[in-house]
Every structure is written in C-alpha cells, then in structure tokens.
Amino acid sequence: MRLEEIINQHREALNDTDMLIYKYIVQHRADVRHISIHELAKHCAVSSTTIVRFAQKLGFDGFGDLKAVLKMEEGAKSYYSEDVLEDLRSFYAQTTERVLKRNFDSASRLVHEADRVFIFASGYVQSNVAQELKRLFFYDNVLIYEISGTEEFASISQSLTADDLFIFVSLSGETPTVVDFARRLRLLDVPFISITKLHDNTLASLSTVNLYVSPARFQLYDEDDERTAFQSMLPYFMLVEVWYVKYRMYLQGKGE
C-alpha cells in the first residue's frame, strides 16, 4: 500500500503538524527514503518524538517502518523515451498486475447490499468511465443511476438513506462540487465509493471505500515539449472491468 493510501485512511486522526510532516515527505520522497529520523525532524522543525508519533498514527511501529514503505514504492510514472510503444507495453503490464491483485470485496459488498446505486462523474473522461461501469453491472441487473448536476443531487438527497450507495468518479478528488456532495453524504450516513487518481485527496479521505488508479504521462516527441505529452486513462477502464469480474466472483463465493 502506498503512503497516499495510508494517509487517506488515517486523515481524520492527523493534525496540522502531521500534515506538515507528510507534505515534506511527499515533496522530498527520494531523500526521506535515506535520511535519519533526526534529519527529518530538523527539516520539519519538530522533535524526533513528533515524527515517531506521526508514524504511529499511520499504523507503523516507528519511523523505520514508514521509511521501508517509501523504499518499496515505485516512483511516479513519467515516460520520456523514443520507444513509446515499449513504454506503453510495460505500463499496461504493470497496471494489469496491480489491478488484478486488488481486493474489491468491500466495494462489491456495498453494491450488492444497496437498494439503489447512484453515480456522479466530474468530467468527460470520468463520464465515460461511469458509462462503462453502468454497462457492466447492468449484466447483473444492477441499475446505476447517473446524477448530472447540483439540482439533481439536491432532489435525490432528500430521499437517500443508509441503504443507498453513491459512486464518484474523479481525477483529482478535489473538485468542489464532488467534495461538497461527499460531505453531505457523510452527514446523511450514506455510504459512497470513490474512484480517484492515487494521491492524497479530500474525496478519498471522506469515502467509505476508495479505489485508486495510477495514470501515466507519455511524451511522444521532444521531452521538453509538454504540449505533446498525454496521460493514459486506461487504468480507469481496466479497474472497473476487473471490479465487475471480481463482483461476479464475490457473488459466487456467497452462493448467489
């Protein structure tokens, strides 16, 4: 599990000082993998004890365990190579392996037990992902109703209960409309699943279950020409397809 996922799981237990430490680690990830706890404490202007407490809030025994997680993480994928097709092949293979290993039981349980399932997408690509999710789950008579805007959400929210389920598809997890919807659902005790890019984000920290994806940027020509770079969105579509297959496996495991 990456540090961003761990942070999102424990976000409510972290104070401002903890978030300062986290932001320093994110901005200097490569260096923090090799420095001592005393060096990190100095850089963050806190005590070594504060660093230990921060690590323990995340479920680690100490800073050494946190640093071990950082060492196991792969760096963010940004490809600048003449052999773009080979980079794509490698990225697709790594994405496939990562998604196939993911446990979708919690998300599948929420879908299976929900009286109604709603979905909200925060953009064009996200909407395409939502359409694919609707198409796949329709095979199992799971109707997913898409919410298109604030007024429709306000109308639906009046009848929502804890037996309903919301799904959000977002790239950043920070879109104001999405975050507002998520906070209102928390007040209503309505469970919701978020699908976001793997990084620390508000939507993920609020979600009942968060499903992460890791897109990658590819440079087709001159690496200095940022206009030619594009971001592969394949992980989003791969995730929902594998989720549907594992949903079927989840039902079969329950004898249904």
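Helices α7 and α13 cross in a right-handed way. Keep in mind that this is a predicted model.

Let's stay with that pair. Helix α7 covers residues 84-100, and helix α13 covers residues 234-253. Their axes come within 10 Å and cross at roughly 35°. Who makes the contact? On the α7 side, Phe-91, Tyr-92, Thr-95, Thr-96, Val-99 and Leu-100. On the α13 side, Leu-234, Pro-235, Met-238, Leu-239, Val-242 and Lys-246. Sorted by class, that is nine nonpolar residues, two polar and one charged.

Next pair. Helix α4 runs over residues 37-44, and helix α5 over residues 48-57. Their axes are 8 Å apart, and the packing angle is about 100°. Angles of 65 to 115 degrees count as roughly perpendicular, so α4 is roughly perpendicular to α5. From α4 come Ile-37, His-38, Leu-40 and Ala-41. They meet Ser-48, Ile-51 and Val-52 of α5. Here the classes are five nonpolar, two polar and no charged residues.

Find it in the loop between α12 and β6. Is Ser-207 buried or exposed? Its relative accessibility is 14%. Buried means under 20%, so Ser-207 counts as buried.

What does Ser-207 touch, beyond residues up to four places away in sequence? Phe-192 and Ser-194. With Ser-194, the contact is polar, side chain to side chain, at 2.7 Å. A polar atom of the Ser-207 side chain also lies 2.7 Å from the backbone oxygen of Leu-203.

One last distance. Gln-9 and Ser-207 are 198 residues apart along the chain. Their C-alpha atoms are separated by 9.3 Å.

Technical notes. Residues numbered from 1 in each chain as written. Predicted model: local features only at pLDDT ≥ 70, side-chain atom pairs only at ≥ 80, totals over all residues. Heavy atoms only, no water. Axes fitted to C-alpha atoms, helices over the stretch in contact; angles between N-to-C directions. Helix = DSSP H or I, 4+ residues; strand = E, 2+ residues; numbered from the N terminus. Left-handed = near helix turned anticlockwise from the far one by under 90°. Contact = heavy atoms within 4.5 Å. Nonpolar A, V, L, I, M, F, W, Y, C, P; charged D, E, K, R; others polar. Parallel < 35°, antiparallel > 145°, perpendicular 65-115°, else oblique. Buried < 20%, exposed > 50% of the residue type's maximum accessible area, 1.4 Å probe, protein only. Polar contact = N/O pair within 3.5 Å; in protein donor to acceptor, adjacent residues only side chain to side chain.
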